[in-house]
Amino acid sequence: MLDARLIRSNPEAVSEALAKRNSQISLDDFLALDQERRAIIQEVEQLKNKRNNVSQEIARLKRDKKDAADLIAEMGKVSAVIKELDDKVRDVDKKLREILLTLPNIPHESVPAGTCDADNREIRRWGQPAEFSFTPKAHWDIGEELDILDFSTAAKVTGSRFTFYKGLGARLERALFNFMLDLHVQKHGYTEIFPPFMVHRHSMEGTGQLPKFEEDAFRVAGTEYFLIPTAEVPVTNMFREEIINEDMLPMKYCAYSACFRAEAGSAGRDTRGLIRQHQFNKVELVKFSKPEHSYEELETLVQDAEDVLKELGLPYRVSLLCTGDLGFSSAKTYDLEVWMPSYQKYVEISSCSNFEDFQARRADIRFREGVKGKPQFVHTLNGSGVAVGRTVAAILENYQQEDGSVVIPEKLRPYMGGAERIAR
RNA sequence: GGAGAGAUGUCCGAGUGGUUUAUGGAGCUGGUCUUGAAAACCAGUGACACCGAAAGGUGCCGGGGGUUCGAAUCCCUCUCUCUCCGCCA
């Protein structure tokens with residue numbers, strides 16, 4: 001959520017910034033409502049002041065056993081007007097908030113201008129894509145041939161875009177998120193969280209999934225609960241409506257969770273394999289930072305996510321998203337893309353963003369500077385550390401052997417009961 | 001799911017319609033005393049949001065709505081917490 005004061009004082013700059021991210025939004029309605037709101041408030045507060053004073057006067061008269069009928073009658077009218085104006089303010093406030101909730105974040109100045117992913121800027125690469133002496137297979141074929149991934153049974157039991165993992169496949173999935181959690185907790189100093197997998201509407205609003213993207217989420221019928229699309233939602237909202245002590249910052253959390261996404265509008269895209277599922281596992285990194293340090297925190301967050309891929313020996317690149325490709329809530333995002341031999345390209349496996357105070361303002365997450373300082377909004381950041389299903393896909397494809405077996409990355413073997421290879 | 005109790009400022013905790021526009025304590029800040037600290041004593045300090053150029057004003061006692069000239073206090077409703085019962089991993 002953007003600061004209403006910023007829009008009020010600098011509307012041209014705001015609409016310019018929003019235009020850069022393909023968001024042609026007029027702020028005229030907002031500005032008109034904002035002005036109306038302040039006019040009504042001034043009027044109604046004067047009346048309330050009068051009412052408060054006269055009520056004291058009535059109390060005094062009653063104590064002295066004097067007649068107050070005239071004043072009471074007069075205040076009856078004043079109160080009726082106050083009620084009317086209060087209703088108006090409430091109505092205008094609601095409209096203003098609705099507008100604010102649909103405005104995306106303003107991109108950071110270091111974000112390149114652009115309209116789509118072709119305009120994203122590659123920052124660095126790590127690792128060499130493996131040369132195969134044979135034609136590498138896609139992970140869904142590898143997985144089915146090894147009998148560790150079963151898509152058709154999942155389709156029978158649940159539907160498309162779900163998967164059964166079996167045997168060492170299931171073990172690999174579990175090994176990966178345990179490995180990732182240990183890495184972030186022990187090496188990178190994050191505090192581990194195991195969050196609820198459902199949240200209420202306000203939390204979804206707090207991190208920016210709602211109200212605009214409701215069709216992307218799964219809602220539990222008959223309830224107000226949503227299945228979380230990422231652990232970012234429950235973990236960031238842990239501190240909703242809180243004022244954090246300055247000396248607690250920065251705070252770093254990592255959380256495993258299953259993630260649920262309706263993938264509305266993705267029909268026909270990545271229909272095979274593990275890349276685009278309605279349910280997948282992910283280890284998420286979440287940071288709360290003081291504003292002046294949030295961009296340093298973003299860089300280390302990206303490095304922490306990269307470390308997962310380095311330890312697993314998976315070639316990847318880091319790209320900086322352009323203004324047009326930026327997520328709704330984000331001010332700046334780096335994507336980590338892992339090399340996927342069957343695609344012959346890099347595929348997104350992590351997305352690391354600084355939301356600045358956009359989420360904090362929606363969820364009301366603040367901190368206090370010093371003992372007497374005024375509370376101000378924190379900056380929130382998060383990134384996948386990393387998506388587990390896509391990591392399985394990447395391992396199967398990058399570590400596949402000519403005989404159809406898959407070598408297990410060394411760092412993962414302790415988590416796999418010492419197994420070195422998955423074979424038929 | 002049933003029955004009951006509760007939610008007040010950073011914390012504890014008073015307060016059932018008008019000198020409460022929130023009592024008292026703890027805490028916090030400063031001071032006295034002390035070699036220093038603690039204790040004691042004295043003084044100060046009350047969240048947060050909004051409107052306003054400012055002076056100042058308005059709102060806020062879990063959330064929302066209502067009654068009233070006036071609500072922390074009365075009514076309705078929702079959420080959460082606790083106790084007991086039932087059910088359950």
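Guide: Begin with burial: a residue is buried under 20% relative accessible area, exposed over 50%, and partly exposed in between, with a 1.4 Å probe and protein chains only. This is a predicted model, in which local features need pLDDT of at least 70 and side-chain atom pairs count only at pLDDT 80 or more, while totals for chains, interfaces and linings use all residues. Residues are numbered from 1 along each chain as its sequence is written, chains are lettered from A and ligands numbered from 1 in the order in which they are written, and side-chain values use heavy atoms, with hydrogens and water left out.

Visitor: Is Leu 183 buried or exposed?

Guide: Leu 183 has a relative accessible area of 8%, so it counts as buried.

Visitor: In which helix does Leu 183 lie, and which residues does it touch?

Guide: Helices (H or I, at least four residues) and strands (E, at least two) are DSSP runs, numbered from the N terminus. Leu 183 sits in helix H7, residues 168-187. Contact means heavy atoms within 4.5 Å. Not counting residues up to four places away in sequence, Leu 183 touches His 188, Asp 307, Val 308 and Glu 311. Glu 311 belongs to helix H10, residues 294-312. With neighbours within four places left aside, the contacts of Glu 311 are Phe 179, Leu 183, Lys 187 and Lys 411.

Visitor: What joins the side chains of Glu 311 and Lys 411?

Guide: A polar contact is a pair of N or O atoms within 3.5 Å; within protein, one must be able to donate a hydrogen and the other to accept it, and residues adjacent in sequence count only if both atoms are side-chain atoms. The side chains of Glu 311 and Lys 411 make such a contact at 3.0 Å.

Visitor: How many helices and strands does chain A have, and what share of its contacts join residues at least 24 apart?

Guide: Chain A has twelve helices and 17 strands. Counting contacts between residues at least 6 apart in sequence, 74% join residues at least 24 apart. The C-alpha trace spans about 100 × 45 × 40 Å along its principal axes.

Visitor: Why is helix H12 described as largely enclosed?

Guide: Eleven of the eleven residues of H12 (388-398) are buried, so the helix is largely enclosed by the rest of the structure. Among them are Arg 390 and Glu 397.

Visitor: Which residues come nearest to RNA strand B?

Guide: A residue is near a strand if one of its heavy atoms lies within 4 Å of it. There are 28 residues around RNA strand B, and Glu 45, Asn 49, Ser 79, Lys 83 and Arg 368 come nearest. Of the RNA atoms within 4 Å of the protein, 79% belong to sugar and phosphate. A polar side-chain atom of Ser 55 is 3.3 Å from a sugar or linking oxygen.

Visitor: Which elements supply the surface near RNA strand B, and what classes of residue does it have?

Guide: H1 (4-9), H3 (28-63), H4 (69-102) and strand E13 (365-368) each supply at least two residues, and H3 gives the most, with 15. For classes, Ala, Val, Leu, Ile, Met, Phe, Trp, Tyr, Cys and Pro count as nonpolar, Asp, Glu, Lys and Arg as charged, and the others, Gly among them, as polar. The surface near the RNA has six nonpolar, seven polar and 15 charged residues.

Visitor: How should I read phi and omega values?

Guide: Most residues other than glycine have a negative phi, and most peptide bonds are trans. Here a cis peptide bond joins Leu 210 and Pro 211, with omega about 5 degrees; Pro 211 is in the loop between helix H8 (201-207) and strand E6 (225-227). Another cis bond joins Gly 385 and Val 386, with omega about 0 degrees, and Val 386 lies in strand E15 (379-387).

Visitor: What is phi for Arg 161 and for Gln 344?

Guide: Arg 161 has a positive phi near 65 degrees and is buried at 13% relative accessibility. Gln 344 has a positive phi near 55 degrees, and at a relative accessible area of 55% it is exposed.
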